[in-house]
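Hello,

Here is the structure you asked to look at. Please open it first, then read the notes below alongside it.

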Amino acid sequence: MSDKLSRRDFLKLAGVGAASTAVLTGCGPASRSVKREPYMQMPEYTYNGLSTYYATTCRECAAGCGLVVRTSQGRAIKTEGNANNPLNLGKTCARGQATLHGLYNPDRVTDPIKRTRGNASGDIVTWENATQIVADALKNNKPEEIAFLMGMAPDHLFDLVADLANSTGINAPVRFGALNMFESRATLSKAAENLFGEAGLPFFDVGGAQVVFSFGANFLETWLSPVSYTRGFAGLREGQTKKRGTFVQFESRMSSTAGKADEWMPLRPGTEALVALAIGRLASELRGGSMPRAFADVDPLEAASKSGIKLETLEHLAEMFANSTGALAIPGGTALGQSNGLAVAEAVLALNAIADNFGKPGGVFFSALAPNQTEYQRSASVKEMQEFVQQMADGKFKVLFVHGLNPIFELPASLDFKNALKNVEQVISFATFPDETALESDYVFPDHHGLESWGYQRVATGSAQPVLSGAQPVVSPFYNTRATADVLIAAAQLASGKFAEALPFQDEVEFLQSKISPLMSEADGFFSAADIDTFAAYFQQYGGWWKLSDGRAVPNSADVLNRSLSSAEAEFAGEGEFFFVPFVSPTLAEAGANKPWLQELPDPTTTVMWNTWVEINPVTAEELGLKDDDVVTITSEAGVLEVPVYRYPAIRPDTIAIPFGQGHTAYGRYATALDENGKIIKRGVNPTDLLGQHFNEAGDLAFAGMKVNIKKTGKKQLLSRLESIMGVYGVGLGEEK
Amino acid sequence: MIKPEEIKMSTDESGKWGMVIDQDICTGCQACVAACAMENNISFVGEADSGYGRSMHWIRIERFWEGEYPEVKMTPNQPMMCQQCGSATCEPVCPAFATIHSQAEQLNLQVYNRCIGTRYCANNCPYQVRSFNWRDYERPEPLPNQFNPDVTVRRRGVMEKCTFCIQRIHKAQDKAKSEGREVLDGEFTTACAQACPASAITFGRVDDPESLVSQLAHRGHGVKHLEELGTLPNVTYFKGG
Amino acid sequence: MAGYNNNAVHKKVESAHPKAESHHHDEEHFREKHLMLDPLPRGQMNDMVMESMTTTSWKFWAVFGLLSVIVAVCLFYVWGYMISEGLGVTGKNRPSYWGLFLVNTVFWIGISHAGTFISAILRVFKAEFRRPFTRAAELMTTFGLVQAGFSVFMHLGRVWLFYWLLPYPNQRMLWPNLHSPLSWDLLAITTYLLSSTMYLFLPLIPDLAMARDKSTGWRKTFYKTLALGFRGTEGEWTHLRNAMNIFAFAIIPVMFSVHTIVSWDFAAATRPGWNSTIFGPYFVVGALHSGMGAVVMVLAVVRGTMKNMKYFIRPEHFDAIGKLMLIISMAWAYFFFNDYMVQWYGGDKWTKQLLHFHEAGPMGWMWFAMLIANIAIPWAVLWNPKWRSTPWIVFVVGLIINFGMYLERYIIVPVSLSINRMPFTWRLYYPRVEVLLGIGTLAFFIWLYMAASRLIPLIPVWEVEEGQMAHELKKFGRETVVSVSELE
Amino acid sequence: MIKRLFDWLKQPLGLIAVGIAFLALFSLAAYGIFQSQQSPAQPIQFPHATHAARGLQCLYCHPGAARGPSAGIPAQAKCWACHQQIQKTLDSQLADTQFPLLKPLVAAVTSNTPLEWVPVAMVPDFVQFNHRAHVAAGQNCENCHGDMTKVTVAENPQVFNMGFCLNCHKKVAGENHELLVKLTDCGTCHY
Amino acid sequence: MADNISRRERSGQVSLLAVFPDLEPAADAIDHLRTLGISDDQMNVISGIPVTEAMLGRPNQWTNVPRLAGGGAVLGFLGAVFLMYGVPYLYPYPIQVSTQAVIPGPPTVVVLFEITMLGMLLSTFLGVFLDSYFPNYRPMEYVKEVSDGKIAVFFICPEESREKFTKAMTALGAEKVEVAEVEHL
């Protein structure tokens with residue numbers, strides 16, 4: 001397929017040829033400067049000027065939303081959601097829309113490169129050499145000296161590497177992603193294991209609920225599966241029962257999710273478990289009957305005083321929760337990224353037991369496992385990554401393959417991945433973009449962009465049905481890149497022996513077919529076919545395969561309330577004065593910074609574009625003598641950052657917050673900035689630089705468990721805001737607030 | 001030939017295409033903004049210009065604050081785009097007829113190639129939804145490969161604004177005509193409405209009482225912004241709650 | 001007819017001579033004071049005017065050279081740069097889509113109003129003090145309008161397509177939109193520019209003929225060409241006088257219409273603060289305010305720097321214009337207050353917000369400076385006949401008034417644009433290259449004026465002579481008074 | 001000095017000199033404009049007439065015209081589908097001597113490089129032209145593109161400007177008010 | 001008109017120019033010329049200021065300027081009428097802006113006014129040119145002293161009585177009386 005779709009540049013100039021329009025428009029076409037190249041071979045069903053639509057899967061995050069991409073003359077023009085895909089039902093988020101700016105990004109890695117580490121330029125090598133280098137790396141090192149570090153997408157490549165590792169004895173691939181770090185997936189699944197006796201990713205049916213209490217879960221932004229949860233939120237508001245559902249958010253900083261809440265509870269960071277249990281106790285009291293053991297030990301008065309939420313408010317919330325026929329409590333986000341994160345997750349999940357909503361509409365489920373999955377697989381927690389980095393630093397690995405991940409940027413700087421990398425003899429990156437990690441690698445063998453790739457992605461959560469989203473190339477590769485799966489298969493063949501046996505495939509497509517062929521025999525599918533070719537064709541055509549039935553499991557709730565739950569407050573690291581809340585930028589997330597239109601999207605809460613800011617309550621700012629755009633130094637035990645101030649009216653005065661997503665030193669021209677001398681500098685800052693190595697009981701990073709200090713620098717840096725600071729905040733109108 | 005006296009004024013009608021926006025479920029996620037930019041070849045302008053009020057968004061999501069901490073509330077997100085007024089104040093002030101009222105589609109047209117850049121229309125737009133090409137904003141190769149061939153790429157000195165994705169309207173009409181039928185309700189929609197994960201935006205024929213958008217619009221307590229100016233906007237907002 | 005009485009003329013000429021014998025004190029006092037009572041032989045006045053044109057110091061050329069450089073750089077180079085880069089190099093943004101260029105346009109059109117006011121309205125009302133400086137004022141009209149035209153073209157995003165604004169048949173079957181106040185503007189400014197240029201030229205013809213008779217070399221060719229063969233026959237004078245009368249009456253409504261239409265650019269818009277019915281007369285009076293200030297500045301400079309001009313332009317003229325300035329300042333205050341009052345009382349929340357923004361916003365200083373410069377200072381100074389007869393004082397007041405009126409336009413255009421009905425978009429405007437281009441237009445105005453002062457007799461000698469003919473002293477009992485005969 | 005020059009220029013000889021200078025400038029400008037209007041050579045001086053004479057329909061090579069906005073240039077594979085069966089294409093001897101036009105095609109196909117054509121009929125970017133609607137409305141290709149049986153390399157028989165489009169649209173709509181509104185709406189072509 | 005006397009090239013006649021320093025003698029001279037049989041249309045006065053006909057006791061001068069101005073105003077008005085009422089009928093397409101009528105009321109007044117005034121003033125200006133035969137660079141009878149305030153009376157008399165007229169004029173205060181020399185203007 002990808003080879004047949006030849007001439008990408010049928011029109012040398014884009015169909016609308018911006019550049020060639022004569023200055024004197026109105027004077028007719030400037031046809032003399034235009035040349036057209038016809039297709040060598042016109043693909044079937046293609047006509048000049050008519051669009052062709054291909055179903056594929058979005059690779060901007062790991063959720064696995066289905067896309068339909070409009071292509072014209074072999075160029076991808078627009079992405080839309082795949083209406084058939086049960087996960088996103090035809091919808092996309094902003095990042096899914098902007099994925100084309102990744103495909104046609106001017107800063108992609110265009111060829112396989114050999115480079116001296118840290119050097120921006122490098123020598124182009126041929127793909128034959130590249131494959132040989134990979135083969136040698138596999139063959140010439142001991143299995144335990146080979147490590148794979150992979151991102152959350154795509155799953156098919158992970159499966160391929162896992163298969164390779166399984167049968168050759170090399171280290172199992174490690175998966176990580178900054179989004180998962182901020183989602184604390186390990187904590188969620190551990191809490192589920194503790195409460196329900198089974199590990200898994202809970203699914204919260206927001207759309208079916210009447211009252212939703214969210215403890216830090218930013219499910220309208222980047223959390224787990226934002227498109228599907230946003231649809232759920234719309235369901236909550238519009239209500240199946242035609243009654244508008246209520247939504248309460250508990251967190252110290254009003255996220256854009258909390259902005260949609262009917263009530264925002266700015267509790268003191270670290271008291272989430274206490275508050276959840278207190279609400280549980282008060283609600284249980286209202287319900288009558290014996291007090292469950294889970295809530296027995298908590299004192300609502302203490303909860304009120306420690307959290308800063310008034311007792312009356314807690315009572316009112318408890319009443320709301322207890323009296324609703326469809327109450328739902330969701331733990332997530334910053335609430336879990338604290339030293340007591342596991343306790344918070346357990347306490348909040350336990351609240352659901354009062355509502356008795358397990359396995360009911362509007363309640364808690366286990367997410368449906370994807371069709372070719374037998375058990376929940378979670379990514380590495382930061383604790384596990386810490387061990388991995390330690391092994392690197394100890395020189396345990398001779399060769400490291402990195403794909404789909406930019407650990408230098410995404411891991412907290414205190415883990416010092418960059419330094420540990422120095423003790424790995426050979427680093428081979430498969431990065432599509434020249435990110436920080438690719439810059440510190442010996443080789444970059446660029447993978448295709450997601451829209452040029454084959455593959456599939458398991459939908460981990462968000463859909464009631466088990467879904468395997470399928471990917472196919474919608475355009476032929478724009479540059480001299482090659483699918484990493486193809487490179488690995490070819491290298492395994494070259495390495496021969498057990499490697500060749502482990503991956504006995506012609507190419508990536510054959511491997512994919514081998515992986516989806518078991519689905520042919522599964523019942524209840526969206527489609528079925530007798531032979532693999534037809535099945536694979538449908539798989540491409542519809543953008544994946546999914547069952548028609550609900551695949552969610554009901555958690556075993558028998559024991560939830562009969563256990564003692566900890567109401568301990570979180571401990572905070574560092575001597576600082578302020579609680580520090582890093583949060584994922586809803587528009588950029590971990591990998592959006594190189595897409596110009598994502599940079600130009602205003603942040604939903606602050607409307608800032610193209611930069612990083614620190615949110616400080618105006619009262620605190622006044623005390624510190626800070627105005628908007630004043631640059632402050634923020635110091636934690638792990639690091640220092642300089643960042644301009646945004647006086648944010650909806651954050652606790654003892655808390656500050658910085659979005660994660662910027663602060664790149666590489667990753668293309670839009671992710672970085674230029675100083676006056678034309679030198680590449682950081683655009684914005686990366687808040688993970690401030691994070692120390694503190695974990696919760698489940699091994700997730702206590703990213704919201706730091707305390708920091710703020711100091712004014714006297715410098716100013718104007719933040720680009722879409723909003724008017726005069727119109728929205730009344731600043732500069734003559735009546736200072 | 002059309003005699004001037006035969007021209008129908010838009011006050012006589014209810015408009016043709018319209019939108020309903022449910023602010024209660026709009027999460028402010030910016031998917032519509034990104035979708036609009038991708039569909040309509042909108043330039044990005046960079047940090048300095050965007051911070052100076054020159055961003056080219058055809059749709060922007062407004063939010064304000066009510067109250068003070070801790071009783072502070074974010075007002076419902078309000079996506080603002082061209083309201084396709086039936087009696088648009090931008091139209092009569094253009095000396096070149098570059099922005100006029102389409103009789104066929106009852107839309108407020110911006111004819112880029114006729115625009116000479118007086119920017120009077122933008123001044124006179126009470127919704128402030130027009131954006132001006134202050135420069136030839138750079139889109140380095142190969143970014144232009146993504147351009148939508150159905151939408152003109154604008155250059156410096158030209159005003160632009162939301163068109164209700166008129167290219168999609170034409171495409172749907174062309175398709176329906178080639179199949180010998182009328183355009184069906186929901187057969188196509190604008191880029192913003194198509195992307196919106198919460199389905200907060202509904203687009204369709206407001207002159208067809210059976211259409212979804214008409215039914216939503218007549219649900220009650222919907223607001224048309226600055227209606228008091230007599231602009232006859234075609235976008236209805238529901239603040240919700 | 002004593003004024004043109006042979007003996008009387010000779011007597012007065014002698015008296016102007018230093019060797020003259022002592023004369024009546026009253027008469028001498030009047031003569032010193034009034035140009036019209038201090039006639040010189042026509043030939044001498046001609047020579048004085050010719051001399052003023054041709055006597056050029058190195059200072060003149062230094063200033064002229066500097067201005068040429070400024071015009072070349074600030075106007076033409078920067079404009080070219082702006083056209084090639086787009087208007088992004090200016091400071092405009094959303095919502096301040098209009099900025100300094102339209103401020104400059106309004107300003108220059110305002111400046112141009114003084115010329116017509118002096119040469120048409122004062123002519124119609126036979127205000128005799130106008131005679132020596134009608135041309136100096138009328139030149140300002142034409143050159144000011146040239147700058148206004150430049151400014152409005154700079155304002156266009158795609159200026160190379162300006163011809164789409166002209167009504168002409170074309171294959172597109174498209175005509176300009178005559179619903180738009182900008183179209184009316186184009187019509188009105190074109191009409192005004194053409195008619196004020198013609199009105200400048202008609203009374204100039206006899207003086208060009210005079211210059212033709214008095215010069216040699218290239219100047220002779222130049223004046224000969226421009227004088228069109230004028231001899232001064234009875235017929236020529238009659239046609240000229242008739243035409244000038246028609247112009248004097250007809251150009252007044254044109255002048256009013258121009259600035260009224262300019263005000264409609266704002267008043268017709270659906271914007272808080274702009275949508276005001278008083279804007280038409282308010283703008284016209286504002287134009288006169290700045291125009292008179294500019295006239296007085298030009299006269300002071302002309303009197304101070306050009307040879308023989310102290311004879312033609314005297315304190316009496318500054319006194320007379322000063323009185324006008326005072327009256328116009330009062331009228332401006334009246335209109336300003338009228339507009340402010342109604343807007344304030346109206347109670348529209350956006351308008352109130354805007355008024356508050358004017359006074360207390362970041363540009364609040366402009367609002368107060370405007371009131372001080374346009375009202376307080378003129379009133380404080382111009383009531384005093386001695387002060388308003390002192391050229392440098394009136395010059396300073398004129399300068400301050402122009403500064404104040406510039407601020408007024410700045411407040412009306414970009415400052416008011418900052419506030420609209422969508423608070424999410426409110427933003428301030430910071431001019432960038434517009435400043436250079438504004439300086440360019442100012443330099444070009446002065447450049448044109450300086451060039452004209454070398455080429456065109458700035459004093460309409462025949463009008464002065466005509467006036468001198470008509471004036472005489474008359475005794476009523478013990479008092480001697482000035483008496484004017486109606487010659488036409 | 002200037003006066004002498006001026007006087008000299010006023011003489012008949014001077015006037016002639018002025019005239020010649022003016023003419024020279026004018027012809028230079030005219031030549032420049034003429035040059036800018038010349039299309040660069042096509043890679044093949046494609047004989048439309050020859051193909052049309054063999055009964056090939058326009059839509060055979062330009063099928064996009066019936067289906068969508070763009071008529072398109074045929075893929076090289078399409079050319080080759082016929083030409084590879086034609087002896088004179090394959091015979092290099094013949095091609096060298098008698099049919100030099102075929103050489104670039106053979107070269108392009110054998111080297112698998114695309115021919116770069118120079119578009120002849122084009123509307124500006126800001127005009128959204130759709131072939132399908134025009135063909136469906138019964139317009140023949142030659143109404144706009146001229147009679148291809150008579151030309152070798154395609155040429156524009158007329159300037160595709162707004163007047164050209166409008167004249168036809170007006171004519172087609174006739175007295176049908178609704179159709180005229182649709183066909184003359186600015187938004188029908190410009191968006 | 002007297003301006004064109006010389007062009008008629010009357011044989012046996014001579015044109016004389018008498019230059020007077022002031023109005024009174026010039027007026028006297030004109031009266032005297034009349035008594036000597038020179039009719040008003042054989043005389044002309046050249047002056048450096050607009051001397052009205054009444055001052056010299058001359059008949060009123062005919063001028064077309066006001067009529068031309070009126071004609072121009074009518075033409076301008078018709079042009080404006082065409083733009084406002086004619087052009088909308090020329091459009092093949094319905095151009096509608098906002099809900100304003102295609103032929104709008106108040107804007108029509110503005111355009112009618114502006115173009116009418118433009119037409120009137122342009123034709124007034126042109127009227128001066130037409131009536132005075134401007135531009136006219138042909139040789140004409142002229143003395144430069146006129147610029148310096150002298151008044152020249154120009155008349156045609158029979159060749160034979162030239163002496164008589166010269167004397168008469170000198171007696172009335174003429175500074176010089178000479179055959180009107182054709183000067184390059």
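Chain B has 241 residues, and a compact globule of that length would have a radius of gyration near 18 Å; chain B has 18 Å, so the two agree. Along its principal axes, the C-alpha trace of this chain spans about 65 × 45 × 35 Å. Of the 241 residues of chain B, 67% count as buried. Among contacts in chain B between residues at least 6 apart in sequence, 65% link residues at least 24 apart. The secondary structure of chain B consists of 6 helices and 11 strands.

Please keep in mind that this is a predicted model. Chain B has an average pLDDT of 91, and 97% of its residues score at least 70. Within chain B, helix H1 (residues 31–39) has the highest confidence, at 96, and helix H6 (residues 212–217) has the lowest, at a mean of 90.

Chain B touches chain A through 48 residues of chain B and 57 residues of chain A. On the chain B side, the elements that give two or more residues are H1, helix H2 (46–51) and helix H5 (191–195). H1(B) supplies the largest share of that side, 7 residues. By class, the side of chain B that touches chain A has 27 nonpolar, 14 polar and 7 charged residues.

Chain B also touches chain C: 34 residues of chain B are in contact with 35 residues of chain C. Here the elements of chain B that give two or more residues are helix H3 (120–124) and strand S8 (131–132). H3(B) gives the most to this side, with 4 residues. The residues on the side of chain B that touches chain C divide into 17 nonpolar, 10 polar and 7 charged.

Backbone details

Which residues does the cis peptide bond in chain B join? The bond joins Glu141(B) and Pro142(B), and its omega is about 0°. Pro142(B) sits in the loop between S8 and strand S9 (159–160) of chain B. In chain A, the peptide bond from Ala153(A) to Pro154(A) is cis, with omega near 0°. Pro154(A) is in the loop between strand S6 (146–150) and helix H4 (155–168) of chain A.

Gln84(B) lies in the loop between strand S5 (78–80) and strand S6 (99–101) of chain B. Is Gln84(B) buried or exposed? Gln84(B) counts as buried because it has 29 C-beta neighbours inside 10 Å, and the cut-off for buried is 20 or more. Cys165(B) is found in the loop between S9 and helix H4 (166–178) of chain B. Cys165(B) is buried as well, with 27 other C-beta atoms within 10 Å.

A strand in chain A

Strand S9 (residues 211–215) of chain A is worth a look. Why is S9(A) described as largely enclosed by the rest of the structure? The reason is that 5 of its 5 residues are buried. Val211(A), Phe213(A) and Phe215(A) point one way from S9(A), while Val212(A) and Ser214(A) point the other way.

S9(A) pairs in the parallel sense with strand S12 (residues 327–331) of chain A, over 5 bridges. In that pairing, Val212(A) stands opposite Leu328(A). S9(A) is also joined by 5 bridges to strand S10 (residues 246–250) of chain A, and these two strands run parallel. Phe250(A) in S10(A) is the bridge partner of Phe215(A).

Nonpolar cores

The largest nonpolar core has 525 residues, and those with the most contacts inside it include Ala276(A), Val295(C) and Ala18(E). Helix H10 (residues 234–267) of chain C provides the largest share of this core, 16 residues. A second, separate core has 8 residues, among them Ile725(A), Leu733(A), Leu354(C) and Ile419(C).

Leaving aside neighbours within four places in sequence, Ala276(A) is in contact with Phe215(A), Ala329(A), Val344(A), Ala347(A), Val348(A) and Leu351(A).

Regards

Conventions. Residues numbered from 1 in each chain as written. Chains lettered and ligands numbered in written order. Predicted model: local features only at pLDDT ≥ 70, side-chain atom pairs only at ≥ 80, totals over all residues. Core = buried A, V, L, I, M, F, W, Y, C linked by C-beta atoms within 7 Å. Buried ≥ 20, exposed ≤ 12 C-beta atoms within 10 Å, placed from the backbone. Contact = placed C-beta atoms within 7 Å. pLDDT = per-residue confidence, 0-100. Nonpolar A, V, L, I, M, F, W, Y, C, P; charged D, E, K, R; others polar. Rg over C-alpha atoms; globule rule 2.2 N^0.38 Å. Pairing = 2+ DSSP bridges.
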